[in-house]
Structure formats: structure tokens, C-alpha cells
Amino acid sequence: MAISFNMPPSVAFLAGQFTADDIIKKTTRCGDLSGVFHDRAAWQTIPPDTPVYEVEMLSSPQGEGELFVGTTHLQPGRVGDEFYMTRGHFHQRREQGEVYFGLRGSGLLLLQNEARKPWLEKVFPGSVHVIPGFTAHRLINTGSDVLSALAVWPSTAGHDYAALERGFALRVLDREGKIFAKEVQNG
Ligand code: M6P
Ligand code: ZN
């Protein structure tokens with residue numbers, strides 16, 4: 001039998017870009033993030049079509065035991081004094097975790113359990129983040145370059161955004177050039 005040496009998809013680790021036959025891309029724009037940033041007036045001054053982050057994903061089989069692989073590219077920027085961030089989510093299948101790998105740029109991973117206890121991990125090229133089950137997660141770009149992070153998660157995990165209607169219990173703000181994390185009651 002002739003054994004073939006198959007070419008798998010690849011990722012350029014410095015930029016987080018995939019090379020593969022089938023890549024799915026989704027851009028999230030400022031206008032899509034209504035209610036996410038605390039300064040609504042500042043959010044309204046930004047053109048709604050301004051890209052905030054792009055996710056590129058490999059097209060993978062779906063089902064129990066299958067994995068999704070994707071890279072999030074989060075632009076640098078602020079809405080008022082708050083750094084650009086992803087919407088953030090719990091998994092619909094709460095028990096399912098995820099792994100993020102920092103590829104470029106610098107920022108924070110905001111994590112929060114179901115009791116609303118938040119914590120932060122620094123994201124940098126080479127950082128590895130094991131996100132446990134039952135834990136919401138959001139990327140925040142505190143740097144001046146694009147923040148890219150590779151993610152691997154179960155294809156059955158799903159996204160539960162509604163459970164974060166009150167928002168996360170921490171906001172990460174730019175206070176005169178310093179990164180400042182502030183605890184809040186209602187996001
Ligand atoms: C990562 C993964 C995806 C997620 C994306 C954007 O690539 O965690 O599952 O969709 O980030 O994050 P969000 O869904 O919170 O906008
Ligand atoms: Zn997730």
C-alpha cells in the first residue's frame with residue numbers, strides 16, 4: 001500500500017494566520033458590540049463598521065469529541081478609556097474548557113466563574129492559558145499592536161453570551177497610560 005505524507009493545515013505562529021484549504025473568517029465590528037463597553041457615549045462616536053476583532057477558524061468536523069481551532073486577531077484601540085476586547089462568553093456546555101495560546105501582541109485574558117469571581121492572566125507570545133470548564137473568558141488588548149491568540153475548544157461547547165448580560169465583574173481601563181483593573185457590580 002502506498003502511504004502518503006499528508007500536508008496538514010499550518011499556522012504562522014508569529015502572525016497567527018492559517019494556511020489550509022478551508023478557512024472560515026468572521027469580523028466583529030464596533031457596531032456589533034452594543035452594551036459591551038461601559039462608556040456608551042464614547043462607543044457611539046466610533047463608526048459602527050470599525051473592525052474590532054477577526055476570528056479565523058479551520059473548517060473541522062463537528063460532534064462529540066471533535067475540536068475547533070481558531071485564531072482571534074484583536075485590534076489595538078480603546079472605546080473611551082476602555083481597551084478593545086472580545087465580547088466574551090461562557091460555553092453552553094458549561095463543563096467544557098478551552099486552551100488559548102498567545103501568539104503576538106500583549107494583553108489580558110479575563111476569566112470569571114459562575115459566582116462572578118473574576119481573575120486575569122497576562123497574554124504574550126508563548127503564553128498558554130488553560131481555561132477550565134464553568135469559566136467565562138474574554139481577551140483584552142492592552143498593547144499597541146494586534147493581539148493574536150490561538151484557541152482550541154470542543155466543537156460541542158457552544159457559546160452562551162446571554163449568561164453575561166450583567167457583564168464581567170472587572171473592567172480594564174487606560175488610566176493616563178497605565179493599565180488599571182476596576183471591579184464593578186453591573187458590567
Ligand atoms: C476564540 C474562541 C471562539 C470565540 C472567539 C471570539 O477564537 O474562543 O470560540 O468565538 O474567540 O470570542 P467571542 O465569541 O467571545 O466573541
Ligand atoms: Zn470559548
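In this predicted model, strand S3 (23–29) gives the lining of the largest pocket its largest share, 4 residues. Strands S4, S5 (67–74), S8 and S13 (147–154) also supply at least two residues each. The lining comprises 23 residues, and those nearest the centre of the pocket are Lys26, Tyr53, Val55, His159 and Tyr161. By class, 11 of the lining residues are polar, 8 nonpolar and 4 charged. The volume of this pocket is about 510 Å³.

The largest pocket is where ligand 1 sits. Two elements give two or more residues to the shell around the ligand: strand S4 (51–58) and strand S8 (98–104). The shell consists of Tyr53, Val55, Thr72, Arg87, Gly88, His89, Glu98, Tyr100, Trp153, His159 and Tyr161. Sorted by class, these are 5 nonpolar, 4 polar and 2 charged residues.

In Tyr161, a side-chain N or O atom is 2.5 Å from an oxygen atom of ligand 1. The corresponding distance is 2.8 Å for the side chain of Tyr100 and 2.9 Å for that of His89. Of the 380 Å² of accessible area that ligand 1 has on its own, the protein covers 92%.

The second largest pocket holds about 240 Å³ of space. Its lining is made of 16 residues, with Gly35, Val36, Leu164, Glu165 and Gly167 nearest the centre. By class, this lining has 6 nonpolar, 5 polar and 5 charged residues.

Methods
Residues are numbered from 1 along each chain as its sequence is written. Chains are lettered from A and ligands numbered from 1 in the order in which they are written. This is a predicted model: local features need pLDDT of at least 70, side-chain atom pairs count only at pLDDT 80 or more; totals for chains, interfaces and linings use all residues. Side-chain values use heavy atoms; hydrogens and water are left out. A residue is near a molecule or strand if one of its heavy atoms lies within 4 Å of it. A polar contact is a pair of N or O atoms within 3.5 Å; within protein, one must be able to donate a hydrogen and the other to accept it, and residues adjacent in sequence count only if both atoms are side-chain atoms. Accessible areas come from the Shrake-Rupley method with a 1.4 Å probe; for residues, only the protein chains shown count as cover. On a 1 Å grid over the protein atoms alone, a cavity is a set of points where a 1.4 Å probe fits but cannot get out, and a pocket is an open set with protein on both sides within 12 Å along at least five of seven lines; lining residues have an atom within 4 Å of a point. A molecule sits in a cavity or pocket if more than half of its atoms lie within 2 Å of its grid points. Ala, Val, Leu, Ile, Met, Phe, Trp, Tyr, Cys and Pro count as nonpolar, Asp, Glu, Lys and Arg as charged, and the others, Gly among them, as polar. Grid points are joined across faces, edges and corners, and a volume is the space filled by probe spheres set on the points.
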